[in-house]
Amino acid sequence: MKKSKSDVEKLKLDILDTAEALFLRKNYSEVNVREITEQLGITRTPLYYHFSSKLEIYTQVVERYLERKVELFRGIHHAEDAFFVKVKKDLALCSSQNIQETTLFSEIVTNPELAAILQKRRETFDQIYGLKRFSVQEAVKQGELREDVDPEEVVDSLYLIHFGLTEMCHCNYHTFSQEAVERLISQQIEGLKNQFGR
């Protein structure tokens, strides 16, 4: 029986979803095509109908992941919320996403085969940086931030906080509760208000 076009597309999405779940748990080099097919209960033939290699699967997984990430940040920074509400949402998203990304992107710097992925991640970072800068510029126009604020200084401060939160979340000798992370985010936002707010 011939499969319908929608069945074929559904299988492609199922392959990508399954592979993404694996790549979020295991390094690129630790995942193999057999694992993906076994989890889906299919042979390699339908997988290779859609993808020529594990690298192609990984590339599409990462592209989808990064597109969703940009859309999440676009949703935050183009919303009608007050600036510091956006900052709180941004920092919460950054800290949760970076935990996932640690494994997903663990080999992009050291594996030459993944150089294109590294470049795509850099481009995505630049897009998100631009969204945050836009949000700061709008906050200045709306009078939420001082007129003399340098938008890049504010965004760089957000990233400094973000990287600190990431270290906390990855700390292997102490576990920080979600409440502790949320409390720290609130404290950092108060610091940003004092430094850049009106």
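Predicted model: local features only at pLDDT ≥ 70, side-chain atom pairs only at ≥ 80, totals over all residues.
Reader: Which residues make the contact?

Author: From H1 come Lys-12, Leu-13, Leu-16, Asp-17, Ala-19, Glu-20, Phe-23 and Leu-24. From H4 come Lys-54, Ile-57, Tyr-58, Gln-60, Val-61, Arg-64, Tyr-65 and Arg-68. By class, the contact of H1 with H4 has nine nonpolar, one polar and six charged residues.

Reader: At what angle do H1 and H2 cross?

Author: The axes of H1 and helix H2, residues 33-40, cross at roughly 125°. They come within 10 Å. H1 and H2 are therefore oblique to each other. The crossing of H1 past H2 is right-handed.

Reader: Which residues meet there?

Author: H1 brings Asp-14, Ile-15, Thr-18, Ala-19, Leu-22 and Arg-25. H2 brings Glu-35, Ile-36, Gln-39 and Leu-40. The residues of the contact of H1 with H2 are five nonpolar, two polar and three charged.

Reader: How far apart are the axes of H6 and H7?

Author: They are 9 Å apart. Helix H6 spans residues 115-141 and helix H7 spans residues 151-170. The two pack at an angle of about 120°. That makes H6 oblique to H7. Their crossing is right-handed.

Reader: What makes the contact of H6 with H7?

Author: H6 supplies Phe-125, Ile-128, Tyr-129, Lys-132, Arg-133, Val-136 and Gln-137. H7 supplies Pro-151, Glu-152, Val-154, Val-155, Asp-156 and Tyr-159. Eight residues of this contact are nonpolar, one is polar and four are charged.

Reader: How is empty space found?

Author: A probe the size of a water molecule is rolled over the atoms, and this shows where empty space is left. In this structure, the largest pocket has a volume of about 280 Å³.

Reader: Which residues lie nearest the centre of the largest pocket?

Author: They are Lys-69, Glu-101, Arg-121, Phe-125 and His-162. They belong to a lining of 20 residues. Phe-125 of H6 also takes part in the contact with H7.

Reader: Which helix gives the most to the lining of the largest pocket?

Author: H6 does, with seven residues. Helix H4 (54-77), helix H5 (83-104), H6 and H7 each supply at least two. By class, the lining has 11 nonpolar, four polar and five charged residues.

How values were computed
Residues numbered from 1 in each chain as written. Heavy atoms only, no water. Axes fitted to C-alpha atoms, helices over the stretch in contact; angles between N-to-C directions. Helix = DSSP H or I, 4+ residues; strand = E, 2+ residues; numbered from the N terminus. Parallel < 35°, antiparallel > 145°, perpendicular 65-115°, else oblique. Left-handed = near helix turned anticlockwise from the far one by under 90°. Contact = heavy atoms within 4.5 Å. Nonpolar A, V, L, I, M, F, W, Y, C, P; charged D, E, K, R; others polar. 1 Å grid on protein atoms, 1.4 Å probe; cavity = no way out; pocket = protein on both sides within 12 Å on 5 of 7 lines; lining within 4 Å. Points joined across faces, edges and corners; volume = space filled by probe spheres on them.
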